[in-house]
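Please read these notes with the sequence and the model side by side. They are written for someone new to protein structure.

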Amino acid sequence: MGSGKIGRRFFEERIRPRLGADRPDVTLGPAHGCDFGVIEPGRESLDRSNDDRPGTDRRHADLDAVVVATDPISVLPSLGYDRAGRFALHIALSDVAVSGIPPSHLSIAFALPTDFDDAAFTALWTAIHEECDRLGIAVTTGHTARYPGAELPWVGAATVLGIGSPERIVRPDGARPGDSLVVTRGPAVEATGLFASLFPDAIDRPAETVATAQRRLDDVRLVEDALAACEAGTVHAMHDATEGGLLGALHETASASGVRFVVDSDSVPVAPGVNAVCEALGMDPWRATTSGTLLASVAPADATTVAETLRSRGTPAAVVGSVASGSGVLVDDEETSPPEGDASWPVYAELSSA
């Protein structure tokens, strides 16, 4: 399988055919490149209301939908536990936020090393609590334990829920011909911020450049950007550009929607420090993980307003292309292929073993 997320072929052959029971209330289930799933409790009631069994009615047919997403928890002590906690949390929150429904509930499980002390956990958990409190998210359940054999940084998983009207959900496969493409922040902000923070001495660039790149880690948050985009205009699809980077996000969203994306790379924002660090590390920024970068397919009449609204929040954003009939992703008039893995993984392996 290699490092990082599984590929489409693995998913289609080994996971998709084995998804448990087929329930009518699951209106969006697992799909490769899809950030979240959707449960509509009223669907089951509607299904049962079509028979004559006692107790079947339509009383719950108007219930809100539940958007749900699960992600691993990665804790990087060298970031400092406050920063590490917020970083880990936002990775999980983003996958619900791109549905257009605000994240509202968090379930989190920690499987910690036996030497992870109480003070470290308190600092980590306080950061998660404070960020959840700021965003109106309630921690509803969880599990916390220390286990022999558990190792940092991968120490658990988080499940995030959002509850809202089904009509408000922005589906990951909703891009349509004629839409405009809006991108925030640009390529490789996550990988750049991580490597500059974890391995500053390995980056052969001036200290001020490395310090600027380290600040990119604070860009790994898009909850408020995604919700602001939906308030500003008609958004048909959104995606958090995680593993596979911006190019991977473009391919995943275009493929899911059955459309063709046409992109002008000169229009894509590039955050300070990104190009310098990527060049120093020999990492392709367009194929490197960049959680916090939002890709949105927007009704053409609203695209400029959406980008301007995001910029007014201090988030770099631009209209970078359009959606057409067909398939694939065209960048600067050249056909592209989906990334085979993430460009940051081999760089991380080399830096962490040095």
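The points below go through the sheet, the backbone, the salt bridges and a charged patch.

1. Basis of the notes. The model is predicted, and local features need pLDDT of at least 70, side-chain atom pairs count only at pLDDT 80 or more, and totals for chains, interfaces and linings use all residues. Residues are numbered from 1 along each chain as its sequence is written, and side-chain values use heavy atoms, with hydrogens and water left out.

2. The sheet. Which order do the strands of the open sheet follow? The 7 strands run S8-S10-S7-S11-S9-S12-S13, with mixed pairing. At the edges are S8 (235–240) and S13, each of which pairs on one side only. Strands here are DSSP runs of E with at least two residues, helices are runs of H or I with at least four, and both are numbered from the N terminus. Two strands count as paired if DSSP finds at least two bridges between them. Strands of a sheet pair through backbone hydrogen bonds, either parallel or antiparallel.

3. The S12–S13 pair. S12 and S13 are antiparallel and share 2 bridges. Valine 331 has glutamate 334, in S13, as its bridge partner. The loop between S12 (328–331) and S13 (334–335) holds aspartate 332. Aspartate 332 is not a glycine, yet its phi is positive, about 55°. Its relative accessible area is 38%, so aspartate 332 is partly exposed. (Buried means under 20% relative accessible area, exposed over 50%, and partly exposed in between, with a 1.4 Å probe and protein chains only.)

4. A cis peptide bond. Leucine 152 and proline 153 are joined by a cis peptide bond with omega of about 5°. Proline 153 sits in the loop between S5 (138–146) and S6 (154–164).

5. Arginine 185. Is arginine 185 buried or exposed? Arginine 185 counts as buried, because its relative accessibility is 9%. Its place is the loop between S7 (180–184) and H5 (189–198). Phi of arginine 185 is near 60°, a positive value in a residue other than glycine. The side chain of arginine 185 meets that of aspartate 225 in a salt bridge (3.3 Å, N to O). This pair links distant parts of the chain, since aspartate 225 lies in helix H7, 40 residues apart from arginine 185. Aspartate 225 is buried as well.

6. Other salt bridges. The structure holds 18 salt bridges, each a side-chain nitrogen of Lys or Arg within 4 Å of a carboxyl oxygen of Asp or Glu. One of them joins glutamate 131 and arginine 221 (3.4 Å, N to O). Glutamate 131 is in H4 (118–135) and arginine 221 in the loop between H6 (207–214) and H7 (223–232), so the pair ties together parts 90 residues apart in sequence. Glutamate 131 is buried at 3% relative accessible area, whereas arginine 221 is partly exposed at 26%. Both belong to a network of salt bridges that also links Asp82, Arg86, Glu130, Arg134 and Glu224. Aspartate 284 and arginine 287 form another salt bridge (2.8 Å, N to O).

7. A charged patch. Which residues gather in a patch of negative charge on the surface? They are Asp264, Asp266, Asp332, Asp333 and Glu334. Patches are made of residues with over 30% relative accessible area and no salt bridge; like charges are joined within 9 Å, and nonpolar side chains (Val, Leu, Ile, Met, Phe, Trp, Tyr) within 5 Å. Asp and Glu count as negative.

Terms used:
Areas by Shrake-Rupley, 256 points an atom, 1.4 Å probe, with all protein chains shown as cover. Charge placed at Lys NZ, Arg CZ, Asp CG, Glu CD.
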